[in-house]
Amino acid sequence: MAFVNPKKKEVQVKVVYYGPGRGGKTTNLEYIYKKFDKRIKTEMVTIKTHGDRTLFFDFLPFDIGTVNGYEVKIQLYTVPGQVKYDATRRLVLRGVDGIVFVADSMEVRREKNILSIKNLQENLANYKKSIFKIPIVLQYNKMDLAEQGIPLLPVETLEKDLNSQLKTSSFEASAITGKNVVPTMKKIVSMTIATIVKDLK
Amino acid sequence: MTYTLGQEQLDSMEEILQEHLIDVGVRCVFLIDMAGNIIANKDNGKIKHDVYSLAALAAGNFGAVSAMAKIIGEGEFSLLFHKGKKENIHFNKISAEFLLITIFSNEISLGFLRLKVGEAVEKIKKILDNINTP
Ligand SMILES: Nc1nc2c(ncn2[C@@H]2O[C@H](COP(=O)(O)OP(=O)(O)O)[C@@H](O)[C@H]2O)c(=O)[nH]1
Ligand SMILES: [Mg+2]
């Protein structure tokens, strides 16, 4: 839950990138970090294994300017996607304000995406939050792989699998090339801010 | 959804941190919630740590240790202490939602620090009890 500090005129907002392992969550944050290096004064924090997999989370604090006179600090997190890390995923979700679900568009990952979004729903429920009420944006990542002839899921299939009930914004993206990475982030930030702006008086 | 604390409450918490911890030689202290938000922080002005990253890591670290406690059938570990060559970090749980983190050098003994942290925690608890926690 976002913390509003009236003394510093500051609000801290937590946005979590969720999704199956290897889907591109960390790559999203790395792209944002590179793209906005002038505005992000601190280092990106990553806790990973030797094999470069996210072990606990990545963390990137990001100042987006002021809203109603409050300085907004967006804290971007990723979760570890591997099934076995469910306990750590749940920890990262604590106090979450907005979610980007990064789906892997590769045809072979269809089942993994579906399981991961179910897992998100369950883990949110654990904090008495509903996936239908929290601000959430979908990202269909790795669209660049089509050029290499790798079979991808048609967007209609991704929409049907992941967005038929949520009916939220979705972006076809490539975290590697940066396509739609920033629009995804901007969308979740604006949706999240919209839910808290009434508290910034 | 958001939650907040009043200016007065934040002022008095910062005063407590200053008086009980910074003034006795602690380098840096911050009060965070378990989501990783910073509620209040104070330092001795000599060092500038990246407090937002520290808060995120501290909340994760404490959460991980609490989860371990549950697995081994221990209700919780309310204190955590990491010892370094020069710098040390001390975690003290204030309530289910809040944590006090203190960074101090070897010039302060752990016993003395604990005493001071204990005093500060008691006072802060009273302030936090009066708000709607997240
Ligand atoms: N071709 C392609 N590869 C990607 C893309 N995004 C991530 N990857 C690669 O997929 C692998 C897993 O990415 P990572 O960000 O670590 O996934 P995470 O487990 O969700 O954090 C890495 O080798 C990335 O380089 C993308 O948009 N296109
Ligand atoms: Mg990762």
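This note concerns the interface of chain B and chain A in a predicted model.

1. Local features need pLDDT of at least 70, and side-chain atom pairs count only at pLDDT 80 or more, while totals for chains, interfaces and linings use all residues. Side-chain values use heavy atoms, with hydrogens and water left out.

2. Chain B and chain A each bring 29 residues to the contact (heavy atoms within 4.5 Å). The area buried between the two chains is about 2500 Å², and carbon and sulfur atoms give 58% of that area (buried area being the accessible area, with a 1.4 Å probe, lost on putting two parts together, summed over both). On the side of chain B, the greatest losses to chain A fall on B:M1, B:T2 and B:Y52, together 26% of what that side buries.

3. Three salt bridges are found across the interface (a side-chain nitrogen of Lys or Arg within 4 Å of a carboxyl oxygen of Asp or Glu). One of them joins the side chains of B:E14 and A:K7, at 3.4 Å from N to O.

4. The elements giving two or more residues to the side of chain B that touches chain A are β1 (2-4), α1 (7-20), β3 (38-43) and α2 (51-71) of chain B (DSSP runs: helices, H or I, of at least four residues; strands, E, of at least two; numbered from the N terminus). Of these, α2(B) gives the most, with eight residues.

5. Strand β1 of chain A (residues 2-5) pairs with β1(B) in the parallel sense over three bridges (pairing requires at least two DSSP bridges between the strands). In this arrangement, A:A2 stands opposite B:T2.

Definitions and conventions:
Residues numbered from 1 in each chain as written. Chains lettered and ligands numbered in written order.
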